[in-house]
Amino acid sequence: MKDIEVREKFKNYFEKKGHKWFSSIGLVPDDPTMLFTTAGMVQFKKQLLGDSGSIKRAASLQKCLRTSDIEEVGKTARHLTFFEMYGNFSFGGYFKEEAISWSWEFLTEILSIPREKLYPTVYKEDDEAYKIWENYVPRERIYRLGDKDNFWTMGETGPCGPCSEILYDRGEDTGCGRDDCRVGCDCDRYVEVWNLVFAQYDRQSDGSYKELPKKNIDTGMGLERLNQVLNGLDNVYQTETIKPLMDKLEREARKFDYSSARIISDHARSVAFLAGEGVTTSNEGRGYVLRRLIRRALRECKKMGFTGPKLWEYATFVTDFMGDVYPELQKRADHIAMICKLEEETFLKTLDTAEGRLREKIKEIENTGGKTLGAQAAFTLYDTYGMPLDITKSILREKGLSVDEEGFKEKLKKRAESTKWKKKDDTVSFWEDIKDIEETPFMGYEKRYTRQASVLRIIDDKAVVLDSTPMYPEGGGQKGDCGTIKGKNGVFRVENTIEENRVIVHTGHLEGKLREGENVEVAVDKEKRRASQRNHTATHLLQSILRKNLGRHVKQSGSLVSPERLRFDFTHPDALSKEELDQIEEKVNEIIINNLPLKKCTMKKSEAEKKGALAFFGEKYEGKVRTVLVQMPENAEKPVSIELCGGTHVSRTGEIGLFKIVSESGVSTGVRRIEALTGLNAFHYVKEKETLLGRAAEILKIPEEMLEDKILKLKDEKKKLRMRINNLENKLASGAAKGDNEKQEQVGSVKFILRKFDEAGVGVMRAWADSRSSGKNKAVLACGRKDSAAKIILKLSGDMTEFVNAGDIVKKASKILGGGGGGRDDMAQGGGPDAEKIGEAVNKIKEILKKARP
């Protein structure tokens, strides 16, 4: 049966059963607690938690991504990271009887799967579900299983309940061959086709269960596994939505390997959909998952004989054969290729070095009869060379070795706690306080800065909900409005405005008293709103000019619009030159000077897209959408800019005043960032630069127009002086390396060499440390001081890095000196202002070395 037929049959069947059909949401959910959409229930989380509204029955086919079993991909017949999931849902409506009956009818009558091949499982204590299944299946084919297999929970507390799985028996010859192979075995014989979750309990904090007043049904059926069963295939990789990739790899690979091909095929699909939704590679969160997928697949490409970047071709190929079902993939094909290829090029530069380093470590382990790679070595491969842990594990596994995974995780945790990787979660939820409140009408378009309203809810004197508001809630990159809510006996100072589940919440602090039901006067901070409007409209103009000047591959990847400035992230492979930035800035200002009108209108999303409207990344658009156009009066057919946007804007571009780019930088692979100012902020920025130039000219006692020549002359003189200094330092280093004023001692099993330098430069100290660190079990420390400040440089012999990290040691020693430091695993430098404690710092280093190598 064709995949497209099954999709239609499922949709038609459940629509006839009274279910409303919902299209798939993105893999990046509108939920700060989740990295990815992992199941069909994600878009119905609110309904499953009790706020079902008018929706009682729903059905969907949801694209999902899970990496919890990533290491099983390629090994088994069924594991994938990207997959599609059929689902039907009931919110306080039908329950077990209908869920079981309809799933059985759909599988056996609509899809004609042989009844004798299907085996249902139920939770061990769920007699109700067991009795229902007895109407369809003999008792001996119904299995009771425990919590691990047949009890679903959303978290430590909250909705939960038993579930019933329907498994398909592929036959004895496909199993593990053990005598005890049966339903519940981990082999590939019994394929889980459908999981029916009966959410009937509310788990309390003490572990007890209460019956939910409204019981829910949440089911999930993997599209790929269903297609495997329907077509009698050996594995999911032979199904319609993956086989084209496998076939292409078999045709093109010089050394075809089935396991590697499975990994590449699966990861190519995941990469295509993630990059297609605007995810870019990084060292944390979603970006790290994307990076990990690309790098894992790239290594498998190398094993199959491919050279250079290759995965990008297969990720782009996904957009061809899955573009009919997901047309947004085809629209972003160029972007997907760019993100993937750039990451491959980056990784290839370090992969050979990383694998060489790992081979050295493997040789050391084998020579000493060991079986495990140390946590520090694994972390260095990850942190310095970008080698994901699972690639390290895969290479070690080929040699019969393992890695200290717990130690690695501990080092990763410490790194996250001490660096910018750690993210502060400022998200505050008011869900429990507002879940019974209807949607708040926003009345702030078209320069409405004040309004009479009524107070619906006051939350701990820190948040207020009104029956309507002119204050714009944070969204689409635009910061929320500030202002005041004045009552008879008090005023609420609004510091931010946010939206949660369509309810607008004003956050801030209360002075005096307000009461619920009171009529109040709401006033937006007019100057801040106008500044935000200038920056928001300028962001639209900027994106339009970027696409015209750089190419249509430019897509928005994030933005910030505040009263002070604007920030715009966009997809582009290279840094922009000064000339390109100047041209972009000039074009935006040209549109501003022309004082073009903005038109805001509401239309169907499909109609807006036909007109060429761009959507801001990360925003969700439903039904009719607000569209913002900037157009030349004489050429209405081709707008200067057209975007789907719910934010606030100026009426004419001339209100922006002035647009000034202040910086351009890289955010991640294939993503650039422009920061800019508008209005008086831009004017003040230009005045500051003008003043700075004037002061510089005054200091050098020359006219401003001669500044460039003078700076170039001074730069040349500095270069010549630096060369003379380097020559002198090299002579000093040559003398220092001979061992003058040098001390050696045995610290545990480490040969510790120390030299103190007075008034010497870092270059001299480093040269001496390099010259003395050859050999094994060596730690070389150079200490220098100038005035009251101290400098230290630590160099370790190569074998020492398995036990200690020079960067970590120097960081701790520098703390004693009142400063900081760091570096590589074998060499680091640091220091601090308290040179009197240099002896204490040296003792600390010796103490660490002795503990590591007693």
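**View 1. Aromatic pairs in the predicted model.** The count comes to 36 aromatic pairs. Rings of Phe, Tyr and Trp (its six-membered ring) pair if their centres lie within 6.5 Å; planes under 30 degrees apart are stacked, over 60 edge-to-face, the rest tilted. Trp104 and Tyr136 form a tilted pair, 6.2 Å centre to centre with 45° between the planes. Trp104 belongs to helix α3 (residues 96-110) and Tyr136 to the loop between α4 (127-133) and β5 (143-145), so the pair ties together parts 32 residues apart in sequence. Helices (H or I, at least four residues) and strands (E, at least two) are DSSP runs, numbered from the N terminus. This is a predicted model: local features need pLDDT of at least 70, side-chain atom pairs count only at pLDDT 80 or more, and totals for chains, interfaces and linings use all residues. Residues are numbered from 1 along each chain as its sequence is written, and side-chain values use heavy atoms, with hydrogens and water left out.

View 2. Trp104 is buried at 4% relative accessibility. Tyr136 is partly exposed at 28%. Buried means under 20% relative accessible area, exposed over 50%, partly exposed in between (1.4 Å probe, protein chains only). Tyr136 also pairs with Trp133, edge-to-face, at 6.3 Å centre to centre and 75° between the planes. Trp133 is buried, at 0% relative accessibility.

**View 3. An aromatic cluster.** Phe10, Tyr13, Phe14, Trp21, Tyr86, Phe106 and Trp194 form one cluster.

**View 4. Charges over rings.** The charged end of Arg853 sits over the ring of Phe803, 4.0 Å from its centre. Lys248 places its charged end over the ring of Phe317, 5.3 Å from the centre. The criterion: NZ of Lys or CZ of Arg within 6 Å of the ring centre and within 35 degrees of the ring normal.

**View 5. The second largest pocket.** Its volume is about 1400 Å³. Of the 49 lining residues, Arg66, Glu165, Glu192, Asn195 and Arg225 are the closest to the centre. A pocket is an open set of points on a 1 Å grid over the protein atoms alone, where a 1.4 Å probe fits, with protein on both sides within 12 Å along at least five of seven lines; lining residues have an atom within 4 Å of a point. Volume is the space filled by probe spheres set on the points. Strand β8 supplies the largest share of the lining, 6 residues.
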